[in-house]
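Subject: Structure handover

Hi,

Here is the structure I said I would pass on. Please open it and keep it on screen while you read my notes.

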Amino acid sequence: MKEILNKLINNGFEAFVVGGYVRDYLLSLDSYDIDICTNAKIEDIINIFNGIGKANKEYYSYHINKDNITYAITSYRKELEYYKNKPIELEYAKDLKEDLLRRDFTINTIAMDIDGNIIDLLDAKKDLNNRIIRVVGDTYNKFNEDKTRIIRAIRFASILDFDLDKEIEEFLINNASLLNEVPKEYIKKELDKIFESQNYIKFFELVDKYNLKSYLYINYSNIKPNCDKMEVWAQIDTELPLSNKEKNICNTIKGGHNE
């Protein structure tokens, strides 16, 4: 990580680790995806790393896989317009703070410099310490421009055992139907992450509290604790796209329970 930051800094640019890695570091959790943001333009990043990774010029990002860790280096950017939950118009942001303001939740806006110093420009550590999921900026606008953020909020609250702030709660009460605009494949992927955690019961409590079953294409009556991911899926009736292998595993688990 320091090697990548050093290359950017030695070429005259700012560079910070930001997002999930810093959040998990402060929570003493392991993390294997590292996001780095920089004022270097994508062309500068390509020149600096010269073929050791892969560029996505459309999103001003560059990915390097090294030692089983994925490094995503992204230029400071603003997302001006979304379509089908994806930004379709971007421009470079002028500084770190402007880049942080485009992000989803405050707990994902804490940055770290090469020396391990924490930069908290949006007062996010307060939410981290209070164990609260809060949207950066206007909740309704952020969730409307990208509906996948709704299920991401639920995933973070579930896995981290955090509370949703009042604005997110109100949004779920009044606008949960917007989850129907999230592809089933994406919801399945998010639920896999939740069911792999030790805290999946929290997810079902949130689903029941906000009446989200139909919007997440799942139905169940009573979910048992202390199960692995496929044992959880086996307790659910779902329209989500399980693979044939997953369906067979679920049927085997159900058959074993019926003996």
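Which residue in β2 is the bridge partner of A15? The partner is T38. Keep in mind that this is a predicted model.

**The sheet**

Strand β1 covers residues 15–18, and strand β2 covers residues 33–38. The two run antiparallel and share four bridges. In general, strands of a sheet pair through backbone hydrogen bonds, either parallel or antiparallel.

Now zoom out. β1 and β2 sit in an open sheet of seven strands. The order is β3-β4-β5-β2-β1-β8-β9, with mixed pairing. β3 (54–56) and β9 (118–119) are the edge strands. Each has a single partner strand, so one side of each has no neighbour in the sheet.

**Two helices on the sheet**

Helix α1 (residues 2–10) packs on the sheet. It touches β1, β2, β4 (61–66) and β5 (69–75). Its direction makes about 145 degrees with that of β1.

Helix α3 (residues 42–49) packs on the sheet as well. It touches β2, β3, β4 and β5. Its direction makes about 30 degrees with that of β4.

How do α1 and α3 pack, and at what angle? The angle is about 115 degrees, and the axes are 10 Å apart. The crossing is right-handed. From α1, the contact uses I4, K7 and L8. From α3, it uses I45, I48 and F49. By class, that contact has five nonpolar residues, no polar ones and one charged.

**The hairpin**

Next, look at β6 (residues 77–83) and β7 (residues 86–92). They pair in the antiparallel sense over six bridges. Y83 stands opposite K86 in β7. Two residues lie between the strands of this hairpin. K84 takes a positive phi there, near 50 degrees.

**The largest pocket**

Last, the largest pocket. Its volume is about 1,900 Å³. It is lined by 50 residues. Nearest its centre lie D35, D104, R152, R155 and K193.

Which elements give two or more residues to the lining? They are α2 (20–26), β2, β4, β5, β6, β7, α7 (148–160) and α9 (184–195). α7 gives the most, with seven residues. The lining divides into 16 nonpolar, 14 polar and 20 charged residues.

Then follow β2 into the pocket lining.

Best wishes

How values were computed. Residues numbered from 1 in each chain as written. Predicted model: local features only at pLDDT ≥ 70, side-chain atom pairs only at ≥ 80, totals over all residues. Heavy atoms only, no water. Pairing = 2+ DSSP bridges. Contact = heavy atoms within 4.5 Å. Axes fitted to C-alpha atoms, helices over the stretch in contact; angles between N-to-C directions. 1 Å grid on protein atoms, 1.4 Å probe; cavity = no way out; pocket = protein on both sides within 12 Å on 5 of 7 lines; lining within 4 Å. Points joined across faces, edges and corners; volume = space filled by probe spheres on them. Nonpolar A, V, L, I, M, F, W, Y, C, P; charged D, E, K, R; others polar. Left-handed = near helix turned anticlockwise from the far one by under 90°.
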